[in-house]
Amino acid sequence: MLKLFQRLSAAPTNPKPVSAPRRFDVADLYRGPADAVATPQAAALPLDEKLRQAYFWIVNTAIISPHYDIEYLHGPPQQYRLGDRKALLTLPSAQSYSSFVLLPLLTFATQRKCLFIGGPGRGKTASAVLMGVLAGYPVREVRRGMQRGQPQMTIADLLGQPLPSDLINADSISKVRVAWRSWLAMRVKIIDEYNRIPTRTQSALLTLMGDNYAEQFDQIYECPPAAWYLTANDDQGGGTYQVIEALRDRIDVIVQALAFNPRFLGDLLTRIEEDARPEEFVPREIIFTEDEMRRMAKEVRAVPMAAPVRRRLEFFASQFEYMDVAGDQFEYKSKDTARLAGTDWGWLTAQDDGRDRLKDLGCHTRNGLSVRNLMTLISFAKAMAYFRGADQVALDDLRQVLPFVLNDKLKPDLESPFFQAASSTGFRSDRIGWLRHLFDSSCKEYDRLELDRKDPVAEMASELQGGLDGVEDAEVRKRLARIERQIAEIAKGGKIYGHLHDDLLLLKSLHQRYTNYLHWLVQG
Amino acid sequence: MSLNPALADVLRGGRSEFNRRFELAQARYPGIEPAAFSEILSGPVDRMIGKVARVDAAAVPALVDTLYELSLMLLGQRWIGPGGRAPALLAGWELLAENAPVLLAKQPLALATSIANALVHWSSHGGGDDWLLTLSTLAQRARSPDELLRAGQIAAWRHGMAHYRESALERARALDGELLALALGVPVGDWHDRMRVRLITDRWYRPDVPSAAPPRVMCRLGAFVGFGGRFSEPPVAGLIDGELILDAGGTRYTVHADAYGANVQTHPDGQRRAAQALPSGWRIEAGTLISPTQGFAFAEYGAITGAAHSADTLLLTHAWSHSATLLALV
């Protein structure tokens with residue numbers, strides 16, 4: 001049984017063509033597999049390879065029925081249209097992954113926060129426990145450190161108790177020492193059924209998750225960086241308590257535990273007969289030390305995102321915030337303005353005419369993206385590229401993580417014409433599919449506008465980024481005129497969409513910078 | 001199992017640690033069979049320990065430690081043991097213990113690791129027996145492990161690893177003349193430093209063989225994959241940035257050749273660029289290559305499909321053959 005659970009995939013788990021060295025060195029004669037004994041550090045796997053091995057161990061050994069819903073393609077895949085609704089089944093032509101395993105692992109690599117959702121008994125808690133074991137904690141310690149949400153949970157239950165002797169003897173509140181709960185020091189933190197925690201305790205949890213410290217009786221406990229795993233049977237308000245919005249917003253990714261495929265019942269049977277739990281047999285080779293976790297998070301952050309990929313993300317993010325009827329001043333024409341004012345959404349959308357509400361992606365949502373959402377998205381796209389062993393973030397990496405990061409962040413407007421269309425019925429409940437569709441549509445529009453080839457606004461921004469040192473007033477006037485011409489050009493098009501609104505605001509800011517500089521030049 | 005007392009003592013003394021290492025290796029390499037490992041310990045390792053113990057008993061514990069760990073790992077990775085991919089590896093170790101027990105006692109880890117890695121290389125390159133023979137001669141003369149390893153590198157080039165030519169020649173500069181002569185198969189008394197210089201300047205020169213007048217056919221290079229070669233179809237000659245290239249089935253290979261042998265190594269750029277370039281005054285007529293001084297008939301290999309040359313080498317490919325032909329021009 002030990003052997004069954006301890007088998008690891010052979011490295012490299014994601015082999016890539018390796019360029020042959022152009023200069024052969026006879027020193028290579030004495031380099032090879034035996035080096036692992038001479039210099040053990042040479043044999044240590046790179047952390048991305050270790051992460052992949054952890055992934056494949058979980059998929060092949062711990063999770064019984066994996067779903068390969070993160071599809072990568074290398075060349076055209078085999079596809080089938082099935083059923084009355086002609087559902088598309090794709091057989092991916094490149095290494096593809098199971099979101100239920102991969103996203104928690106990326107959370108582990110980036111030390112962020114992941115929410116598992118899904119019906120009871122689908123392996124949400126078990127997966128979270130596995131992540132704790134990967135961080136080097138014994139199973140028993142992970143289970144003891146797991147916080148179980150329940151309606152009577154107090155802040156003291158969550159964070160720790162004041163010492164009774166101090167409560168009696170202390171002459172000021174700051175002298176009351178607190179016996180902090182040991183789980184606060186763990187590098188993997190698990191909150192089971194977080195939507196059963198009372199609202200007041202949720203606020204304490206918010207401080208902990210948001211600012212990484214706990215506070216009791218004027219005492220502060222600084223927590224180490226950690227990966228967080230929360231579980232909920234239902235994330236749409238079906239728990240005992242409504243989860244406060246700010247707490248929901250602190251969650252970086254949401255993954256759904258998909259249904260068990262009874263075709264794998266045989267594996268389940270073996271597990272019952274052997275009375276074996278995979279978390280008790282995690283191979284030592286895939287357990288990460290504290291230093292490795294820190295190093296991995298740093299390596300992930302160092303993965304570059306090239307300008308063409310970043311530009312597509314900018315374009316996508318620009319689609320959603322703009323709302324023409326929400327404000328009078330140009331800067332305030334946003335959905336957030338309407339939300340803050342409490343304006344009736346139905347009334348507002350009824351006023352919004354003149355645009356193709358089916359095609360305009362901005363009309364599919366009730367909100368835009370926050371800075372936190374974008375930062376999370378970039379972090380996970382980097383983690384995805386890192387996990388795949390790529391040297392930079394590819395558009396596909398961004399496309400694959402986007403739905404899991406923006407799930408529950410970008411709120412669909414289910415009354416919009418898009419969701420009313422018969423072809424979009426599935427998107428009303430399949431948020432992952434809808435978000436992927438949104439991103440794909442945005443990329444298509446980006447391609448249609450040929451923004452990779454001609455993006456005058458980006459050129460003007462980059463011109464300013466080059467600095468103003470030594471730029472003469474004649475040149476500044478020329479640049480100002482060019483900005484004004486560009487704005488006039490956009491105005492000629494008539495309709496304003498989200499990305500144009502953002503372009504116009506950028507042009508305005510460039511204009512302002514040049515105006516100030518010109519003023520300084522002339523006065524000086 | 002009757003073991004040499006020196007080996008038995010060390011194993012007994014560190015029994016729990018050695019058992020722990022075996023269990024760890026089994027968890028990492030589930031294919032490790034205790035019987036196969038036991039055979040290695042009681043066979044080659046035991047004999048080696050016996051030979052080293054005779055010259056330096058104090059070195060035995062470190063040598064046992066090294067060989068135990070290396071054997072476990074190489075067995076786990078299926079380089080040695082039943083069906084091992086580098087069966088000569090254990091013989092190489094034994095040869096080292098036989099011919100250089102003092103050096104092995106001095107630096108067991110460096111020597112055993114380097115020789116193991118070299119034999120892993122030879123197992124994929126093909127050959128290695130001649131290199132081991134030369135190494136045994138060198139082992140008797142080398143004064144330090146480093147000197148032995150350096151001379152072994154020159155010998156590897158001499159025995160067919162032509163792709164190491166430049167770096168081997170660089171190392172030859174710092175090597176003792178006697179060891180260099182032995183590495184190159186030249187009787188020590190015949191060695192002269194002029195030979196070292198000519199080796200660098202003349203690719204087709206061998207100090208142990210009288211030179212013939214150029215141009216001359218030096219060797220046939222490459223073979224069909226079914227016969228252990230690398231080409232799935234007859235290759236086509238080409239030249240890129242001064243490098244001779246063979247292109248077969250969409251994969252490109254760099255040709256490495258000199259008087260000691262020839263081989264091909266994968267070229268990183270996969271684009272096919274065939275050539276039909278001959279030195280000035282040369283021509284091809286119906287399967288025959290004609291130089292200003294003589295003709296070379298290749299009709300049995302079919303039409304000449306490609307020709308490329310550098311200053312000292314002409315590479316030809318043929319329609320009916322999976323081997324290319326190399327001619328020395330100087």
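The paragraphs below describe a predicted model, moving from its chain contact to a hairpin and then to its cores. Residues are numbered from 1 along each chain as its sequence is written, and chains are lettered from A in the order in which they are written. Local features need pLDDT of at least 70 and side-chain atom pairs count only at pLDDT 80 or more, whereas totals for chains, interfaces and linings use all residues.

In this model, 19 residues of chain A are in contact with 29 residues of chain B, contact meaning that C-beta atoms placed from the backbone lie within 7 Å. Helix H1 (2-6) and helix H2 (35-38) of chain A each give two or more residues to the side of chain A that touches chain B; H2(A) gives the most, with 4 residues. Helices are DSSP runs (H or I) of at least four residues, and strands (E) of at least two, numbered from the N terminus.

Chain A also holds a hairpin, formed by S1(A) and S2(A) with 4 residues between them. Strand S1 (residues 78-82) and strand S2 (residues 87-91) run antiparallel and are joined by 5 bridges; strands pair if DSSP finds at least two bridges between them. A:Gln79 stands opposite A:Thr90 in S2(A), and A:Gly83 in the turn has a positive phi of about 75 degrees.

The largest nonpolar core has 102 residues; such a core is a set of buried Ala, Val, Leu, Ile, Met, Phe, Trp, Tyr and Cys residues joined through C-beta atoms within 7 Å, where buried means 20 or more other C-beta atoms within 10 Å of a residue's own. Helix H4 (residues 60-76) of chain B gives the most to this core, with 10 residues.

Notes. Contact = placed C-beta atoms within 7 Å. Buried ≥ 20, exposed ≤ 12 C-beta atoms within 10 Å, placed from the backbone.
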